[in-house]
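The structure is shown first.

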Amino acid sequence: MRPNHEAASEEKPLKREMDGLITQMHSAGTSYREAVRQFKKRYILEVLAHHKGNQCKAADELGMHRNTLSRTLAELDLN
């Protein structure tokens, strides 16, 4: 199967942005644990905003049970 060229061309700018962000975080001394924590927070907040705060819909999109999302929100201090 041939790759989707449009999707591949969209990934390049995203990869560059991600690479730049990772370089900045590493240079600033951000730990791996904190980097993952910040990514999770931002990603989950984006999905929740997309679903207007509906945790059931957000959990479904994230591929997790609503209770797991609720627990993750508490762990990330996002209650």
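A salt bridge is taken here as a side-chain nitrogen of Lys or Arg within 4 Å of a carboxyl oxygen of Asp or Glu. The model is a predicted one, in which local features need pLDDT of at least 70 and side-chain atom pairs count only at pLDDT 80 or more, while totals for chains, interfaces and linings use all residues. Residues are numbered from 1 along each chain as its sequence is written, and side-chain values use heavy atoms, with hydrogens and water left out.

**Salt bridges**

Side chains of opposite charge can pair when their charged atoms come close. Under the rule above, the count is three salt bridges.

| Pair | Distance |
|---|---|
| Asp 19 and Lys 15 | 2.8 Å |
| Asp 77 and Arg 37 | 3.2 Å |
| Arg 42 and Glu 46 | 3.4 Å |

Helices (H or I, at least four residues) are DSSP runs, numbered from the N terminus. Accessibility is classed by relative accessible area: buried is under 20%, exposed over 50%, and partly exposed in between (1.4 Å probe, protein chains only).

Asp 19 and Lys 15 are four residues apart in helix H1 (residues 5–27), which places them about one helical turn from each other. Asp 19 is partly exposed at 36%, whereas Lys 15 is exposed at 51%. Arg 42 and Glu 46 are likewise four residues apart, about one turn, in helix H2; Arg 42 is exposed at 51% and Glu 46 partly exposed at 43%.

Asp 77 forms its salt bridge with Arg 37. This pair links distant parts of the chain, 40 residues apart, with Asp 77 in the segment after H4 and Arg 37 in helix H2. Asp 77 is exposed, with a relative accessible area of 61%, and Arg 37 is partly exposed at 23%.

**The loop between H2 and H3**

His 51 lies in the loop between helix H2 (32–50) and helix H3 (55–62). With a relative accessible area of 19%, His 51 is buried. Its contacts (heavy atoms within 4.5 Å) are with Lys 57, Ala 58 and Glu 61, leaving aside residues up to four places away in sequence. The side chains of His 51 and Glu 61 also make a polar contact at 2.6 Å. Such a contact is a pair of N or O atoms within 3.5 Å; within protein, one must be able to donate a hydrogen and the other to accept it, and residues adjacent in sequence count only if both atoms are side-chain atoms.

Lys 52 lies in this loop too and is exposed at 78%.

Asn 54 caps the N-terminal end of H3, with a side-chain oxygen 3.0 Å from the backbone nitrogen of Cys 56. After H3 comes Gly 63, whose phi is positive, near 75 degrees.

Gln 55, Cys 56, Ala 58, Ala 59 and Leu 62 of H3 meet Arg 66, Leu 69, Ser 70 and Leu 73 of H4.

Most residues other than glycine have a negative phi. Lys 52 is not a glycine, yet has a positive phi of about 55 degrees. Asp 77, also not a glycine, has a positive phi of about 55 degrees.

Notes:
Helices (H or I, at least four residues) and strands (E, at least two) are DSSP runs, numbered from the N terminus.
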